[in-house]
Each structure stands twice: as structure tokens, then as C-alpha cells.
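Have a look at the picture first.

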Amino acid sequence: MTRSPDWIDHGSRHIWLPYTQMKTAAPPLPVVRTSGTRIELADGRSLVDGIASWWTACHGYNHPHIAEAIRAQLEVMPHVMFGGLTHEPALLLAQRLAALLGPGLDRVFFTESGSVAVEVAMKMAMQYWLNRGEPGRSRFLVFKGSYHGDTFGTMAVCDPDDGMHAVFKGLLATHDVAALPVDEASMAALDAHLAQHAGQLAGILVEPLVQGAGGMLLHSPVVLQRLRTLADRYGMLLIFDEIFTGFGRTGSLFAFEQAGIRPDIITLSKALTGGTLPLAATVASQRVFDAFLSDDPGHALMHGPTFMGNALACAAAHASLDLFEQEPRLAQAAAIGATLREGLAALAGLPWVKDVRTLGAIGVVELTRINDMNRLKQRLIDQGVWVRPFGRIVYLTPALTIGPEDLQRLIQAVNAVVAAGAP
């Protein structure tokens, strides 16, 4: 048996892992390199990555175009503070993102993570009303099944009952939680709620088309159109959290494009740099931005992450956007979706499978229950794939560049493990 490298044994005594009950969870798998859609482990095994490192590695790992852009930027300038200074990669990236998002999303504020991008969006929305002389608008309308991040501000706008942060209920800010308006009855109920409470709400916050970490729950573009209608009717800001859905994952470059409407604020991260470096963006309309322009210094947006507009990350983002322009990512997403629909369909007939659903390059198998999560994960690893189930969900969100052989291996692994019996 190959002896584990010393860094594994020594470092594991000191690390605190994410989303992990470290008393009972299996040890994490030590990775020594990545390539394409493969993760190479210290013991020599190679796993097909079925979730693109939490949905970030949309072009696969180690794409040479992104790697070269980072190397070139490193030789010139890795980072300078964004307070009082600026640089070409960030300014041109802001211009490029605004052009991709289209008219009405004009001002880009850079951060380092999705959670912080959502925090900034919330801060923008609340201060928008403060600056306009309406201090009573301090809550948000959010939705059952939602997930927006792990910071204290974003935990408060996640599903308070069924979300992963339910333990903090009672300690967080309180917001209005409703069902998504998926039909006329829920639309009428939401309309009635807003008619009574809109004056206390800074905005509506939603994950467009897919509620990701809340359970990979899908909804129609019509839902987004209804939310735009309500936001306009009651004079509210509409915020789309596209941390997960942005950059091709749902089949369009941005999920909101499928609804033919625009938000007032949008958040982006995850695949922005192709899974290489931390970068996020909160993009607001000119109307929102204008509310911060004043002779009063107190009307400025008082937020400034230390690594805001990091030049290396901006260079990676430029390279990632190059690839969306030069290579057929949306066509690849459509092909992945078609293969996932066909390949997972047979599981829908199993008694322990509640639902099988797909959208863009997302495939979801929802089980009635998962009795032993550690065992389920290990069975998938034994099949030669890296898939990270959560809740009752086994899902696939592979790199958009995944080849047919690796995609079939993922599908076959999920089929084999799920068909073998209720985990």
C-alpha cells in the first residue's frame, strides 16, 4: 500500500473542513493535480469530476488559455488596492460584463466571493432607499428553498426552516419568506402580501430558474416575469442571484435571459474565472447607482474588500469570457443536457426516487431519503467519479467541456449507485 504523504497526516490534525461534521465524516480525498475533467488523488486514483468544483470549472481544469493569462498578469502586477487606485484588467472587465449583461446593468462592484457579492447587493438595495429618504425599507422578500450564502447577512435570506442554516433561526435578521409564484394562486398570494408590506421591503431576492443549494429546485422563466411585474407594481428593486446559474449553466449565458426581463441588481461569481481564482461581481442599474451620487459623503457605498478587483482574478475572468466567445459553450451545455435527460430517465421509475429533472447542463436525481450519506459518497467514489450529494439530492453539473466518455461514466455511476437500492 502506498504510504500517505506527510502533509496529509500532519495537516489534517489542524484543518477545519466546510459543511462537515468532523466527528463522523469520512476523511477528505487528498488531490495532487487536476486536468480537464479529472481529479488525480495522492494514492494514484483518477476521478471524473461531476460537479466542476462546486460549479466553477466550466471550461474544465487547467485550461491553457486561462493559465497563460494568469501567468502574463502575474509578471506585470498581481494586485493593488482598489481604494484610490485602479487598473486596466478591472476596468475593462467591468465594461465587458456590462456589455454582456445588456442595457440596464451598468455599474460593477467587484468582491471575492458569492456570499459577499450578495451581501453587497443587499447593502446597495437598503442604502438605495436610505439615500432616497425611505429608511423603513429594511427587509427583503425571499423564497422557500432559497440559498444565498453563508455570511450572517446572507444566511438571513436563506430558507429559514429547511435550509442548512436553520440552527441560527432566531439569531438572524428577519425577512419575508414566501412561496415562488409558480401559478396563479401563489401569484395572487404574493401580490396580496406585497400590497400590505412592500413599504417595508428593500427588494425581492431570487435565484433565477434554479434554487441551487436549496435542493436544485427548478422553476419556469414565467416566475421571473411575474416577479418583475410585482417589483414594478410596488416600486421595489429586483435582485437576481446568478452565482450558480451565470455563465452557461442553465443553457443561456445568464439565466435571466430566458425570461426576457432584467433585474435591477445581479450577482455573479463561481464560473466567472473558470474556477481558477476568487472573484465576484455585483452589477447594478444606473438608476440604483445614481442614488449614491451626492455631496454628502454618507451617501457613498461604504464597502471595500481588501482584494477587490484583484488583477490576477480579473485576468482569469477575461480569459474565461474569451472562451465563451471563441468556443461553443452554450451548444456544449445543450448537448450535456440532452445526454443527462436520456441517461438519467430510467431512474425515475424506482420507488426510492422522487424526481429526475434537468435544465441546461444540470442533472438532478431527488431521492425519497438518503440513510447513509457517507456510504453513498463512497459508492460513487468506488465508481470512479467525484459527485457530492446533499440533502436528498444526487446531481451532476460537469464542466461544459466534458467529453462523451467522461459524461457517460458519470451517468453510469449515478445509475449504478441509485439503482442498487435506497442509499
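## The chain as a whole

Of the 423 residues in the protein chain, 50% are buried (under 20% relative accessible area with a 1.4 Å probe, protein chains only). Keep in mind that this is a predicted model, where local features need pLDDT of at least 70, side-chain atom pairs count only at pLDDT 80 or more, and totals for chains, interfaces and linings use all residues. Residues are numbered from 1 along each chain as its sequence is written, and side-chain values use heavy atoms, leaving out hydrogens and water.

Here are some overall values:

The chain has 13 helices and 16 strands, which are DSSP runs (H or I, at least four residues, for helices; E, at least two, for strands) numbered from the N terminus.

Four strands form an open sheet in the order β1-β2-β3-β15, with mixed pairing (two strands pair if DSSP finds at least two bridges between them). β1 (31-35) and β15 (385-386) are at the edges with a single partner strand each, so one side of each has no neighbour in the sheet. β1 and β2 (residues 38-41) run antiparallel and are joined by four bridges; V31 has L41 in β2 as its bridge partner.
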